[in-house]
Amino acid sequence: MAAVNVLATHPQAIRATGRWLIGGLAVALVVSVLFASGVGAVAITPIQSVAIIADRLGLDLGVPFTEQQRAVLLTIRLPRVLFGALIGAGLAMAGAAMQGVFRNPLADPGIIGVSSGAALAAVLCIRANGWLFGKAGGVPAVYQLPIAAFLGGSLAVYAVYRLARREGTLSVGLLLLAGIALAMLTEALRGALIFAATDDQLRSVTFWSLGSLGAASWVNLAIVALPAIPAMALLGRLARPLDALLLGEAEARHLGFDVTTITRTAMLAATLIVGSAVAFAGIIGFIGLVAPHLIRLAAGPSHRTLLPGAALLGACLVVLADLLARTIVSPAEMPLGVVTASLGAPCFLWLLLRERGFRS
């Protein structure tokens with residue numbers, strides 16, 4: 001209710017802060033992309049990156065660059081950086097939407113079971129050594145794991161949805177409990193599969209579970225963008241209904257909003273975003289939790305600012321975290337999930353201590 005009071009008493013100040021914040025984050029994202037694209041074994045300055053991209057579009061800026069720099073940027077770094085930006089934006093936006101649906105700032109996209117379901121399906125696929133799709137449909141080996149993870153995450157969300165549905169309506173409380181119960185069950189099954197895995201399978205499971213953007217390519221970027229971008233646009237249209245949900249389910253219904261439809265739409269969009277991201281990049285924690293928190297602290301609880309702000313901040317965080325992951329132990333590569341957890345956990349603890357300080 002405090003969040004609603006903030007929206008009601010300072011609407012113009014919140015809108016002005018939100019506009020400045022989103023503008024600043026958009027600039028920060030462009031700078032982050034150019035900076036991350038230039039760091040590596042082959043150095044490329046930001047102006048050279050711009051010149052290479054412009055040359056690709058048929059424009060000559062008069063900035064010299066080598067064919068090696070062009071090949072590295074267009075073939076390796078740019079698709080990876082854009083891949084990370086898309087995944088970070090999607091995870092953060094899905095986290096903000098789930099926190100709005102559950103009216104709980106501790107909610108993250110995984111609370112509806114998509115991450116745990118995807119993880120179980122991924123382990124099952126690794127344990128089956130490609131038998132699931134190789135025998136049945138001849139799916140290329142490189143896509144068997146992403147397809148299994150996406151289907152597993154989607155099935156888990158559907159199970160949570162069916163468990164929480166009662167007499168044609170969705171109970172947010174049941175949704176939360178069903179998500180927790182299913183996550184515990186899938187974790188137990190995943191543990192049993194890992195216990196019986198061989199050393200090679202165990203290594204594959206560990207690598208996938210820790211997250212990585214190593215699968216980034218223009219083709220995979222397009223595959224992830226196909227469901228993720230329309231789903232993010234769908235979440236953007238839920239800003240007003242999610243603001244109404246801050247008042248409570250009954251009050252939102254009195255204002256004319258269909259809470260069941262809002263919840264179902266948010267779940268569908270979060271499943272498409274998180275399912276496609278987890279399928280290709282593994283589990284990347286804390287982005288969907290921390291990014292909405294930081295935007296809410298800076299610009300208030302309105303989802304008109306929170307959703308795009310979280311998306312931009314999440315994109316910046318994943319781009320910079322991946323830059324750290326691939327350079328801190330170069331020529332090896334640190335798992336991305338380790339970097340995001342190492343940076344996100346202290347940040348989240350600081351937020352908790354800060355909130356406790358205000359309340360005391």
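User: How do you know that the span of helix α14 agrees with its number of residues?

Analyst: This is a predicted model, and the check on it is a simple one. Helix α14 covers residues 287-299, which is 13 residues. At 1.5 Å a residue, they should span 18 Å.

User: Which residues of α14 are buried, and what takes a positive phi just after the helix?

Analyst: The buried residues of α14 are Ile287, Gly288, Leu289, Val290, Ala291, Pro292, His293, Ile295 and Ala299. Just after the helix, Gly300 has a positive phi of about 90°.

User: What makes the phi of Phe286 worth noting?

Analyst: Phe286 has a positive phi of about 75°, although it is not a glycine. Most residues other than glycine have a negative phi. Phe286 is found in the loop between α13 (259-281) and α14.

User: Why is Phe286 called partly exposed?

Analyst: The relative accessibility of Phe286 is 30%. Buried means under 20% and exposed means over 50%. The value for Phe286 lies in between, so Phe286 counts as partly exposed.

User: Why is the contact between Asp55 and Arg70 called a salt bridge?

Analyst: The closest N and O atoms of Asp55 and Arg70 are 2.4 Å apart. The cut-off is 4 Å between a side-chain nitrogen of Lys or Arg and a carboxyl oxygen of Asp or Glu. The distance of 2.4 Å is within that cut-off, so the pair is a salt bridge. Asp55 lies in helix α3 (residues 46-56) and Arg70 in helix α4 (residues 67-102), so the pair ties together parts that are 15 residues apart in sequence. Asp55 itself is partly exposed, because its relative accessibility is 30%.

User: How many salt bridges does a search of the whole structure find?

Analyst: The search finds 7 salt bridges. Arg80, Asp322, Arg326 and Glu333 are linked in a network of such bridges.

User: How do you know that Glu249 and Arg253 form a salt bridge?

Analyst: Their side chains meet at 3.7 Å, N to O. That value is within 4 Å, so the pair meets the definition. Both residues lie in helix α12 (residues 249-254), 4 residues apart, which is about one turn of the helix. Residues three or four places apart in an α-helix point the same way, because there are 3.6 residues a turn. Arg253 is partly exposed, with a relative accessible area of 39%.

User: Why is Arg190 called buried while Glu187 is called partly exposed?

Analyst: Arg190 has a relative accessible area of 15%, which is under 20%, so Arg190 is buried. Glu187 has a relative accessibility of 43%, between 20% and 50%, and therefore counts as partly exposed. The two residues form a salt bridge, with the closest N and O atoms 3.3 Å apart. Both lie in helix α8, 3 residues apart.

User: What makes the patch that includes Arg304 a positive one?

Analyst: The patch is formed by Arg15, Arg19, Arg240 and Arg304. Arg counts as positive, so the patch is positive. A patch residue needs over 30% relative accessible area. Arg304 has 48%, so Arg304 passes that cut-off and is partly exposed. Arg304 lies in helix α15 (residues 303-327).

Notes:
Residues numbered from 1 in each chain as written. Predicted model: local features only at pLDDT ≥ 70, side-chain atom pairs only at ≥ 80, totals over all residues. Heavy atoms only, no water. Patch = residues over 30% accessible without salt bridge, like charges linked within 9 Å, V, L, I, M, F, W, Y side chains within 5 Å. Areas by Shrake-Rupley, 256 points an atom, 1.4 Å probe, with all protein chains shown as cover. Charge placed at Lys NZ, Arg CZ, Asp CG, Glu CD. Helix = DSSP H or I, 4+ residues; strand = E, 2+ residues; numbered from the N terminus. Buried < 20%, exposed > 50% of the residue type's maximum accessible area, 1.4 Å probe, protein only. Expected span 1.5 Å × (residues − 1).
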